[in-house]
Every structure is written in structure tokens, then in C-alpha cells.
Amino acid sequence: MDPSQQPATLELAHHCIRPRMADDDLPEALVQAGLRPELMPRHVAFVMDGNRRWAQARGLSTAEGHAAGAQALNKIVDLSSSWRIRVITLFAFSQENFKRPEEEVNCVMELIEQAIRDNLDLCVREGIRMHVIGDPSRRPASLQEAAREAEEMTKNNSRYHCIVATCYSGQWDIVQACRELATKAQDKLISPEDIDERMLAGHLATSVLGEFTCPDLVIRTSGELRLSNFLLWQSAYSELYFTNTLWPDFGEDEFIKALKDFQSRERRFGQRKSSQTVFESVAGVV
């Protein structure tokens, strides 16, 4: 078959199949947990949920719950880079979260800004490029400035990527991509017939990641069983992992459980098992 005519699912599978890593490339904690280096996800996305419930269970304020969640976020950024996960995406604040009390919204925005600044040295040291995605018009000026500073200071890093999704929603992302394409069509830069899945994906907020745009694994904490308008296009073939653990309690042990669950699954990308095996063999993976 002409490569230009290969099915979309086959093309997606090609981007999601990873070359093997040597056993000594996997950190000791993961080796001891029985994880396999060739099955590690390249991109893990997190829906960080449960800060308020964590606080309520301990007689603490909502602000203290979000502060504890920010500490968990810092730990996950550190673990992900040490475990050589190429990309993490953190759902820090959705567009729907603006419906919450103004005091809570302001508190969360301040914590996101602080988390960006707190992780900047780590990003520079570990070669992590930081991206902040979402609607910039809805961010406070100080948060927007912190985002610009972080992106500028890490723009030459390419070893790892950390995406902070704030004032973001999956529906907004698709709509803004469609608007960009509509403007190009109106300006005669493209024709409507040119627009396909690849072109639209290239205008999503995550397109800065290139081949890592789509998460292999989406983790949601707190027991809720939904995506809540997060990476809707990009998660078409993602594995979903739900845990009852509240976000401030999500640490190394829980992360390893999620990775072990991910490695136990069979990813087909719309193909039958036999055809995927043949494809992987051709790709030199098995």
C-alpha cells in the first residue's frame, strides 16, 4: 500500500509505537515494580481532582486543599522527568471552573502561577520545555506573565515537555482550531477540501508537541469517571485510568499502579491483534 494511503488508525499506531529502551534505561524503582521499558508511555495526562474533598475530610479550608494539590503536582513533575516520561499534561483549571466562587478561582490561579515559578528551575536543569495552553484572555495578567516567562526560559529544551492546561477545555481547543482554519480558508490560503484530521490536529493547542501530541495514558483521580472536557480530540485512542485516590494523595506508589495497569492493556488502534503484530514486526518493535 502507498504510505500516503495507509489507514488513519495505522498511521496513528505508527506514531504511538516506541522503540525499545535498554533495561538499564529504566529507573530502579520501576524495574522493581515489574514495569517493562518498551511499554512505558511517552505522554501521560492528568485530571487532577479531589483537592476540596481532601481538605474537607481533614477539616481544612479549600485553599489548603488546593495548596496540598500543588505540592502533589510538583512531585509528579519531578517523578515524570526522573522516570523519563517524555511528556506530561496537567489539567490545572478548566473553563468550567470559572463557575466556582471568585475567592476559590483567585486562589487556584495564584497557586498555578506559583507552581509554574516553583518548577522553573527544575525544568531548566532537567531539560524540560514548559508550555501553558488554554485561553490566555481569561488568565490574570500575573499568571500570563509567568507563563510567558516559563515558555521563554525553556524554549530551547527538548528532552521532556510539561504542559499546563489552564483556562482550557477540549471543546474550546477544537473550536479555536476550526476558527484558525476558517480564517485561512477565507484568506484563500487553503481550500475547504484541504482540511482533514491531520490539518485540524496541527492547529490544536497541543500541536507544539509534534509526534507526542496525543497522550498514551490519561489518569483521573478522586473516583470520577469522565474526562470533563479535557483533551477530547487528543484522547481518541488514549488509555483511561481512574483511581479513587484524591489528588493530594497521588504520589509515587499510585503513579506506579497506573503505569502497571497501562502496561497490562492491549492497544490496537482500531486494528485486529494479528495485523498490529505484523505492523509492529515491520516497525522493528517485536
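1. Axes here are lines fitted to C-alpha atoms, for helices over the stretch in contact, and angles between N-to-C directions run from 0 to 180 degrees. The model under discussion is predicted.

2. On that basis, helix H5 (residues 102-118) packs with H7 at an angle of about 20°, and their axes lie 9 Å apart. Angles under 35 degrees count as roughly parallel, and H5 and H7 are therefore roughly parallel to each other. The crossing of H5 and H7 is left-handed.

3. The residues that form this helix pair can be listed. H5 contributes Met109, Ile112, Glu113, Ile116 and Arg117, which meet Ser142, Leu143, Ala146, Glu149 and Ala150 of H7. Sorted by class, the contact of H5 with H7 has 6 nonpolar, 3 charged and 1 polar residues.

4. Helix H7 (residues 141-153) lies across S3 and S4, and runs at about 150° to S3. Angles over 145 degrees count as roughly antiparallel.

5. S3 and S4 belong to an open sheet of 6 strands with parallel pairing, in the order S3-S4-S2-S1-S5-S6. Strand S3 (128-133) and strand S6 (239-242) are the edge strands, each pairing on one side only. On average, neighbouring strands of this sheet are turned by 20° against each other, direction ignored.

6. S3 and strand S4 (residues 160-168) run parallel and are joined by 6 bridges. Val132 has Val164 in S4 as its bridge partner.

Note on methods:
Residues are numbered from 1 along each chain as its sequence is written. This is a predicted model: local features need pLDDT of at least 70, side-chain atom pairs count only at pLDDT 80 or more; totals for chains, interfaces and linings use all residues. Side-chain values use heavy atoms; hydrogens and water are left out. Two strands pair if DSSP finds at least two bridges between them. Helices (H or I, at least four residues) and strands (E, at least two) are DSSP runs, numbered from the N terminus. Contact means heavy atoms within 4.5 Å. Angles under 35 degrees count as roughly parallel, over 145 as roughly antiparallel, 65 to 115 as roughly perpendicular and the rest as oblique. A crossing is left-handed if the near helix is turned anticlockwise from the far one by less than a right angle, and right-handed if clockwise. Ala, Val, Leu, Ile, Met, Phe, Trp, Tyr, Cys and Pro count as nonpolar, Asp, Glu, Lys and Arg as charged, and the others, Gly among them, as polar.
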